[in-house]
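Please look through the structure below slowly, with the sequence beside it.

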Amino acid sequence: MQGYLSLSCKCGRIIRFNRFMDLTPATQNTQLEQTPEQAQAMLSVKEFVPALDEKPLEIKIAIPTQAYFLSGIRDFVVNLTKNLTGFSQQWAYRFQAVTDELCNNAIEHGSQVGAEVRVILISAHGKYLEVVVEDTGTGKDKMTAQQLTALYKERRQSMTSEYLGFRGRGLPKIVGEWTDELIFEDIPGGGIRVKAKKYLRKEEDRVFSAKQNDPSHITI
Amino acid sequence: MTSVQITIEDLQDLPEGKAVKLIHVVGQLDESNVDEQAKAIYQLIETAPHGLSLIFDFMGLEYMNSKSIGYLTDWYSKVSANGGKVVIAGARDNILDILQVVGLTQLVNAYPTIDEAKLAVLK
């Protein structure tokens, strides 16, 4: 399965990948491995890293509303975070989970089958990492940004560590605990945009604090 | 569908009256596969003798999402109500991290090895 990968900087500079990226879900035990396409994309991105250190790196991915595609997104987020953002491996996996939960919500509630979900990853190296997920507002549980904000706040307050419910942990616990800013916006024309941002403030969250001898962790 | 394999084995040579199942999970549990995979665990729990305990071997588990954690919580509730225990063995750092952030490690104990998990459920 293939999807288009494009990178652009907020300064207006655009890095084009004139090819498609393989988004086929990984087979078992391959979470830490990159596909040849992903590895090549990462190497290409690294050539721009000095420039990207100054201006945010922005990566946009559009996926169909099927959970099938999410393991490819998860692999990409882990590799991107570990290699290009300055965040530690622990945060790479945390941001993987945050992205997955936001995409799951968009697919399950926000976009009907056959529509798409847009994922935008924005990294200011060593400063912050942001994931933006947009649905089309055509899903079975259409909500406004105001309603979603209220639901999030209510769940944040009511969910204790002894919560035994089956659903509802993704947004308040995983996304809420692992991001510094969480914003819900209505998209003109329909849909919700969720922006989850994590600042790199603590030294222990930086890439060089990762465990030693981890061959999958490349320090730039 | 994301790849995951779940295999269930009976622990042997247990003290009389004890029943423990060891559930190996290898791969990734996510939105695309967890509903289907959960059926086997529910079937196991529904036909279990009183006091059945479960050890989840997560050494090969690479990822689990919030829905998977919801299922694990539900299994904990059902097994506990039936007089058994649920513990986790060998989970990777990223799995322990996500279980901790949702608070599940306050309900379900996690052990580094299967042997330590066995000791815990047989106490």
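Lys173(A) lies in helix α6 of chain A, where helices (H or I, at least four residues) and strands (E, at least two) are DSSP runs numbered from the N terminus. At 13% relative accessibility Lys173(A) counts as buried, a word that here means under 20% relative accessible area, while exposed means over 50% and partly exposed covers what lies in between (1.4 Å probe, protein chains only). Leaving out residues up to four places away in sequence, Lys173(A) touches Met159(A) and Trp178(A) as well as Val101(B) and Val102(B), contact being defined as heavy atoms within 4.5 Å.

Before going further, note that this is a predicted model, in which local features need pLDDT of at least 70 and side-chain atom pairs count only at pLDDT 80 or more, whereas totals for chains, interfaces and linings use all residues. Residues are numbered from 1 along each chain as its sequence is written, chains are lettered from A and ligands numbered from 1 in the order in which they are written, and side-chain values use heavy atoms, with hydrogens and water left out.

How many residues does each chain bring to the contact between chain A and chain B? Chain A gives 34 residues and chain B gives 34 residues, and the area buried between them is about 2,700 Å², of which carbon and sulfur atoms give 52%; buried area is the accessible area (1.4 Å probe) that two parts lose on being put together, summed over both. Across this interface there are two salt bridges, a salt bridge being a side-chain nitrogen of Lys or Arg within 4 Å of a carboxyl oxygen of Asp or Glu. Side chains of opposite charge can pair when their charged atoms come close. In one salt bridge, the side chains of Arg94(A) and Asp97(B) meet at 2.6 Å, N to O. On the side of chain A that touches chain B, α3 (70–84), α4 (89–110) and α6 (170–177) each supply at least two residues, and the largest share, nine residues, comes from α4(A).

Arg167(A) forms a salt bridge with Glu108(A), the closest N and O atoms being 3.1 Å apart; Arg167(A) lies in the loop between α5 (145–158) and α6 and Glu108(A) in helix α4, so the pair ties together parts that are 59 residues apart in sequence. Arg167(A) counts as partly exposed at 32% relative accessibility, and Glu108(A) counts as partly exposed at 22%.

Elsewhere in chain A, Glu134(A) lies in strand β5 (residues 128–134) and counts as buried at 8% relative accessibility. Arg118(A), Glu134(A), Glu185(A), Arg193(A) and Lys195(A) are linked in a network of salt bridges.

In the loop between α3 and α4 of chain A is Thr85(A), which is buried, with a relative accessible area of 0%. Among the residues in contact with Thr85(A), its neighbours within four places in sequence aside, are Ser123(A), His125(A) and Leu200(A). Thr85(A) and Leu200(A) are 115 residues apart in sequence but 9.3 Å apart in space, C-alpha to C-alpha.

Turning to chain B, its secondary structure comes to four helices and five strands, which run β-β-α-β-α-β-α-β-α from the N terminus on. The radius of gyration of chain B is 13 Å, close to the 14 Å that the globule rule gives for 123 residues, so chain B is as compact as a globular protein of that length; this radius is taken over C-alpha atoms, and the globule rule is 2.2 Å times the number of residues to the power 0.38. Buried residues make up 57% of the 123 residues in chain B. Asp35(B) forms a salt bridge with Lys67(B), the closest N and O atoms being 3.0 Å apart. Asp35(B) is partly exposed at 34% relative accessibility, whereas Lys67(B) is buried, with a relative accessible area of 6%.
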